[in-house]
Amino acid sequence: MNNYNDYYNYLNNNYNDMNFMTNPNNMITDMNYQQAFQNTFMQNNPSKDVADTFKGFKRGNMFNNLYSEYNGFKPQELKATGEREDLILQIDEQRFATIDLGLYLDIYPNDQAALNLFNTYLNKEKELKALYESKYGPLTLSSPVQTNNWLWNDGPWPWEVQK
Amino acid sequence: MWKYVKSLEYPVNIKKKDLRMAKYLVTQYGGANGELAAAFRYLNQRYTMPDDKGKALLTDIGTEELAHVEMISTMIYQLLKDATLKEIREAGLDSHYAEHGKGLYPTDANGVPFTVAYFATTGDPIADLSEDMAAEQKARAVYENLINLTDDPDVIGPLLFLRQREIIHFTRFKELYDEYKKKGYK
């Protein structure tokens with residue numbers, strides 16, 4: 001599943017479906033992983049439990065007990081406007097999980113379960129990034145892109161409305 | 001060193017220009033509780049953190065704040081880019097236009113330019129972390145004020161995200177603060 005909108009619908013429809021949770025082909029195998037580690041994670045972890053990357057990214061907070069809603073506002077539903085942005089959102093999502101878990105690990109460096117989660121998301125981000133860069137060009141100046149052309153200049157740049 | 005990644009931390013796609021909102025939002029760019037002040041406050045304080053944990057946390061939060069500077073800048077740019085001169089005048093942004101055109105310039109919502117006084121560094125880890133905790137709470141409050149000033153979901157979405165980040169950062173700073181107090185720092 002490469003489409004962020006499909007992914008969102010899929011997640012919504014299958015959230016409570018146990019077959020979905022054990023299907024190795026779905027996009028969020030890390031959720032299974034996360035569940036497997038949740039018990040140990042909760043024992044060592046004053047922050048109780050972490051959200052899946054989709055939920056965490058959308059609301060800007062991976063930690064369920066630290067999430068505090070403001071004035072009834074719900075996080076926005078992220079809808080990609082095209083295939084390129086679709087992939088960007090998937091990358092952003094995994095990267096966000098590593099950013100938020102990274103700050104946690106700075107404080108709790110001995111939490112092995114959190115470290116395992118961090119590595120899972122980091123690897124997923126790397127895979128998605130390689131896929132993106134093979135199609136749309138480098139995301140960093142040092143990205144390995146197999147071409148003789150200078151692709152770095154090509155837009156859209158991040159501050160432009162994405163199409 | 002730092003490496004640029006060609007995507008925002010969280011998507012910003014504002015389709016509707018809103019000059020008044022741009023005028024308020026700029027405070028999270030160049031105001032006392034803004035992202036630019038936060039980024040450089042933490043990156044500047046990290047050198048005198050007493051242990052590796054503190055050095056890591058201030059480096060990482062400071063780095064994330066740089067990504068927030070980019071998000072806020074993007075929001076201001078998108079809210080402003082299609083404005084006519086008439087609209088600029090009506091929104092009271094004509095003085096900004098005189099100096100900067102449609103370019104970005106870090107000020108607070110009253111037009112007071114950014115100042116390095118916002119870095120607020122004492123070199124004392126307890127004092128600096130107290131400053132950082134307060135800064136995160138103030139930024140959270142400002143984000144709530146900004147959310148109250150708009151009804152555009154394209155603006156509210158990223159502001160809700162940024163508000164959550166203030167809550168997380170506050171928590172991590174507090175955890176470090178508590179640990180340092182336990183270790184006997186005054």
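Q: Among contacts in chain B between residues at least 6 apart in sequence, what percentage join residues at least 24 apart?
A: This is a predicted model, and here two residues are in contact if their C-beta atoms lie within 7 Å. Counting those pairs in chain B that are at least 6 apart in sequence, the share joining residues at least 24 apart is 78%.

Q: How many helices and how many strands are there in chain B?
A: Read from the N terminus, chain B runs α-α-α-α-α-α-α-α. The count is therefore 8 helices and 0 strands.

Q: Are H3(B) and H4(B) roughly parallel or roughly antiparallel to each other?
A: Helix H3 (residues 35-45) of chain B packs against H4(B) with the axes 8 Å apart and at an angle of about 160°. Angles over 145 degrees fall in one class, so H3(B) is, relative to H4(B), roughly antiparallel.

Q: How many nonpolar, polar and charged residues does the contact of H3(B) with H4(B) have?
A: H3(B) passes H4(B) in a left-handed crossing. Among the residues making the contact are B:Leu36, B:Tyr42 and B:Leu43 of H3(B), and B:Leu58, B:Ile61 and B:Val69 of H4(B). By class, the contact has 10 nonpolar, 3 polar and 2 charged residues.

Q: Which residues of H7(B) does H3(B) meet?
A: The axes of H3(B) and H7(B) come within 11 Å and cross at roughly 165°, so the two helices are roughly antiparallel. Their crossing is left-handed. From H3(B), the residues B:Ala38, B:Arg41, B:Tyr42 and B:Gln45 take part, and in H7(B) they meet B:Asp128, B:Asp132, B:Ala135 and B:Ala139.

Q: Which helix of chain A gives the most to the side of chain A that touches chain B?
A: Across the interface, 29 residues of chain A are in contact with 38 residues of chain B. The residues on the chain A side divide into 18 nonpolar, 7 polar and 4 charged. With 11 residues, the element that gives the most is helix H5 (residues 83-107).

Q: Is the crossing of H5(A) and H4(B) left-handed or right-handed?
A: The axes of H5(A) and helix H4 (residues 52-80) of chain B come within 8 Å and cross at roughly 160°, so the two helices are roughly antiparallel. Residues including A:Ile99, A:Leu103 and A:Ile107 in H5(A) meet residues including B:Ala56, B:Leu57 and B:Ile61 in H4(B). The crossing is left-handed.

Q: Is B:Ser7 buried or exposed?
A: B:Ser7 lies in the segment before helix H1 (19-25) of chain B. Leaving aside neighbours within four places in sequence, B:Ser7 is in contact with A:Ile88, A:Ile91, A:Asp92, A:Leu139 and A:Pro158. Having 20 or more other C-beta atoms within 10 Å sets the class, and B:Ser7 has 22, so B:Ser7 counts as buried.

Q: Is A:Asn71 buried or exposed?
A: A:Asn71 sits in the loop between helix H4 (53-59) and H5 of chain A. Its phi is positive, about 55°, although A:Asn71 is not a glycine. Because it has 8 C-beta neighbours inside 10 Å, A:Asn71 counts as exposed.

Q: What is the phi of B:Ala120?
A: B:Ala120 is found in the loop between helix H6 (94-100) and helix H7 (125-148) of chain B. With 17 other C-beta atoms within 10 Å, B:Ala120 is partly exposed. Most residues other than glycine have a negative phi. In B:Ala120 phi is positive, near 40°.

Notes. Residues numbered from 1 in each chain as written. Chains lettered and ligands numbered in written order. Predicted model: local features only at pLDDT ≥ 70, side-chain atom pairs only at ≥ 80, totals over all residues. Helix = DSSP H or I, 4+ residues; strand = E, 2+ residues; numbered from the N terminus. Nonpolar A, V, L, I, M, F, W, Y, C, P; charged D, E, K, R; others polar. Buried ≥ 20, exposed ≤ 12 C-beta atoms within 10 Å, placed from the backbone. Axes fitted to C-alpha atoms, helices over the stretch in contact; angles between N-to-C directions. Parallel < 35°, antiparallel > 145°, perpendicular 65-115°, else oblique. Left-handed = near helix turned anticlockwise from the far one by under 90°.
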